[in-house]
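Trainee: Could you take me closely through the place where the two chains meet, and then through whatever around it deserves a second look?

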Amino acid sequence: MMMMDDKEVADVIRAVLAGKSPEFSRLVREFGLPVRSFIHARVQNAADAEDLAQETFIAAFRGLAKFDTSQSFEAWLIGIARHRVLGHFRSSGRRQKTNELFRAECLARIESELSEIEGEIGHDPLTRLMDCVEKLPERMRQVIRARLRGEDGSMVAKILNTTRGAIYMLQMRANDQLKDCMMKGSS
Amino acid sequence: MNTPTTLAKLLEGWLDGGLSETEQSDLLRQLDEDPELRRHFAEQVAMLGATRAAADSNPRWLSLFDLLEQGDGSDKGLTSFETVTMGRIDDIIRPAWRGRSVAWGLAAAVALLLAGGFLLESRRPNPAESPLAGPVPKPVELPAVAVVLGGSSEAVHAAGAFLKPGVIAQTEGWITLQTFKGVSVTFDAPFEAALTGRDRIRLNQGRARVHVPPGAEGFRLESPAFEVVDLGTEFAANVNSDGTGTCRVFEGKADVLLLDSMGESKQTHRLNASESVRINPSHQALQVIEEQDSDYPAIKRAPRPTLRLAPSYAADVMGMAPAGYWRFESINGGQVSNEVPGVMRMQALGSAAIAVEDAGNHSGELTRLDQAEFFKIQGGTKAVFERDFTISFFAQLSWLQNFAMISAMRYDRQIKGHSLILQCYASLAKIGIQESALHAVLRDPPAWDGGPEIFGGARLQPQRWHHLAMTRHNGTLTIFLDGDIVARQTAGSMALDCNEIYVGRLNGNAMQSRTESRGMVGHIDELAVFPRALAEEDIRRLAMSGNRVK
């Protein structure tokens with residue numbers, strides 16, 4: 001997938017600000033994946049994560065005139081996304097749920113490492129990720145597939161006819177293999 | 001605890017929750033103390049995020065789902081992130097008419113609707129009005145998110161209409177919608193609103209009252225200057241043309257968020273029952289005010305309809321020689337009586353109950369998403385599903401969601417899986433369902449996955465009695481809605497091995513998540529099972545005996 005360079009991004013922003021608002025869709029297409037990856041890594045509920053990603057772009061659209069085109073547009077978007085994620089965890093309704101609180105506490109502890117890893121993986125990991133997923137053993141692919149379909153650990157264990165504990169170990173190994181594969185590709 | 005075990009436990013808590021407070025504290029302590037563990041866990045979280053984001057990627061040829069599903073095209077209806085986001089941005093451009101007369105704005109909206117442009121067919125703002133104005137994205141086919149429950153004679157949509165994301169406006173009267181998560185919203189004219197998702201509505205101007213049932217908490221009513229986030233409640237909001245507004249909570253509680261020009265939350269106020277707040281964006285202020293419940297419109301909806309059957313209905317069913325027939329007249333000793341003497345016994349479990357409708361009909365009632373409640377049939381079930389079979393019943397869904405209505409299981413030490421599932425879906429983008437659909441699966445041997453499945457798009461409506469039936473005849477599975485065939489496909493003649501039938505749930509494990517259990521919320525009546533395929537005309541005759549049929 002080709003990435004837009006800074007000049008192209010600046011041209012699109014100028015066009016949007018000049019009244020060609022549909023041009024903004026190019027920025028959504030270009031930066032949708034990094035923004036969504038950033039948010040999906042931090043917000044477990046997929047629907048909430050998608051909402052927050054959409055809201056990130058809406059806020060960017062609203063505040064586009066404030067963006068300094070000499071800076072990185074992706075970094076600016078990620079900054080907005082980070083703000084949205086923090087707001088999500090701060091929202092009082094979610095604070096009261098133990099599981100959400102635990103995730104927020106975990107995230108607070110690993111945020112710097114997570115940002116570091118995201119930087120290491122690189123700018124456009126999608127094609128590499130696809131290649132890496134394809135290389136996974138079938139059973140690990142089954143775990144990822146069931147998870148993406150929204151099944152929880154108990155259900156995935158039933159589908160694969162194993163224990164819940166084994167599922168988390170399989171998931172962990174799949175993630176390890178993916179990470180190693182992607183790091184290799186980015187080096 | 002060694003690192004892999006600790007990591008697996010962290011993953012469990014991160015993905016599925018359910019850890020004890022002690023386990024959570026212990027894991028957090030270990031994260032605090034062990035930088036290697038933090039790094040390794042962050043790698044896990046980064047990979048989880050990347051795969052999830054890639055699953056719904058665009059363009060389609062890069063979708064991880066396609067790769068994992070080996071190109072079966074099961075998510076061909078997937079709506080791209082880009083499309084949805086640009087649709088929402090379009091809704092932001094739209095309120096540019098604020099500041100002009102309400103009449104102009106509503107006239108424009110009505111003209112838009114008359115032009116058939118309900119679905120993201122936006123008006124084109126004058127470039128002079130906004131630096132962001134200009135042509136808007138072309139409309140795309142998005143799945144429906146809500147259905148109309150009813151409205152006044154001025155309502156722009158009839159009861160039963162399915163609504164996709166887009167603008168809805170009226171200058172007179174009222175309309176009540178229900179999202180596919182069960183959230184009911186009554187708008188009182190004049191109003192303009194945008195449906196932006198199944199758990200989100202944007203009220204650009206006017207008044208709305210919202211009822212959020214258990215299980216749909218988190219619903220958001222957005223407006224240009226503030227947002228109401230439901231925490232399990234009934235609330236109302238009034239949005240004026242200048243962006244000011246009020247919000248009142250009638251039951252439960254909700255958070256009101258004051259937004260800045262970037263849409264960022266700047267101030268939050270929690271409202272409890274019988275509390276109101278006024279929002280003034282120009283002063284960046286939320287002010288508690290005194291109001292009465294009567295200052296806001298009520299949720300308007302028709303009473304729950306009763307099932308009226310032809311006097312001969314029960315005799316007709318018995319004349320077709322069912323293996324089991326449950327009329328849901330009463331529960332005695334936890335049992336619902338079977339009209340057919342024999343071995344099939346139906347138990348009422350959890351808070352499953354018998355409801356009495358206004359006109360006197362009795363039906364099985366399932367009301368709670370947050371509890372395991374269902375009816376379970378045991379004894380003689382395997383004989384019904386050995387070869388050809390028929391299942392026939394009336395159902396009234398409280399709202400449209402992914403509800404399992406009938407499931408047959410094999411439950412013993414070796415096998416815990418389904419041999420049959422009949423369920424409904426509402427707007428499932430991943431499989432291209434735009435509105436609502438019926439879905440059946442047969443499995444031999446019983447399992448949690450796989451097996452021939454059959455989909456049929458069907459206009460199920462909430463709060464309305466529908467007749468549903470499924471037959472298997474010489475290996476062909478047919479699903480009927482109100483006497484009409486909505487799906488037919490070869491599914492095989494295998495003997496289905498089951499010893500339990502669940503009514504209103506996928507199976508009986510109380511610990512299951514909602515996704516896993518797909519517990520139905522609604523009413524069920526006149527359930528009959530036959531150890532052979534009824535003729536199409538017999539199915540039609542049973543369907544026509546109920547009052548809900550055309």
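Mentor: Happy to. Chain A has 10 helices and 0 strands, where helices (H or I, at least four residues) and strands (E, at least two) are DSSP runs numbered from the N terminus. Read from the N terminus, its elements go α-α-α-α-α-α-α-α-α-α. This is a predicted model, in which local features need pLDDT of at least 70 and side-chain atom pairs count only at pLDDT 80 or more, while totals for chains, interfaces and linings use all residues. Residues are numbered from 1 along each chain as its sequence is written, chains are lettered from A and ligands numbered from 1 in the order in which they are written, and side-chain values use heavy atoms, with hydrogens and water left out.

Of the 187 residues in chain A, 55% are buried (under 20% relative accessible area; exposed is over 50%, partly exposed in between; 1.4 Å probe, protein chains only). Taking contacts (heavy atoms within 4.5 Å) in chain A between residues at least 6 apart in sequence, 58% join residues at least 24 apart.

Now to the interface itself. Chain A brings 88 residues to the contact and chain B brings 84 residues. Between them the chains bury about 8000 Å², with 61% of it on carbon and sulfur atoms; buried area is the accessible area (1.4 Å probe) that two parts lose on being put together, summed over both. On the side of chain A, the most area is lost to chain B by A:Arg62, A:Phe102 and A:Leu148, together 10% of what that side buries.

The rule finds 10 salt bridges across the interface of chain A and chain B, each a side-chain nitrogen of Lys or Arg within 4 Å of a carboxyl oxygen of Asp or Glu. B:Arg38 and A:Glu113 form a salt bridge, with their closest N and O atoms 2.9 Å apart. Helix H6 (residues 98-121) of chain A supplies the largest share of the side of chain A that touches chain B, 15 residues. By class, that side has 39 nonpolar, 22 polar and 27 charged residues (Ala, Val, Leu, Ile, Met, Phe, Trp, Tyr, Cys and Pro count as nonpolar, Asp, Glu, Lys and Arg as charged, and the others, Gly among them, as polar).

Beyond its neighbours within four places in sequence, A:Phe24 contacts A:Val16, A:Phe57, A:Ala60, A:Phe61, A:Leu64, B:Met86 and B:Ile89.

Finally, some backbone details in chain B. The peptide bond from B:Ala189 to B:Pro190 is cis, with omega near 0°, and B:Pro190 sits in strand S5 (residues 184-197). B:Asp482, although not a glycine, has a positive phi of about 50°; B:Asp482 is buried, at a relative accessible area of 7%.
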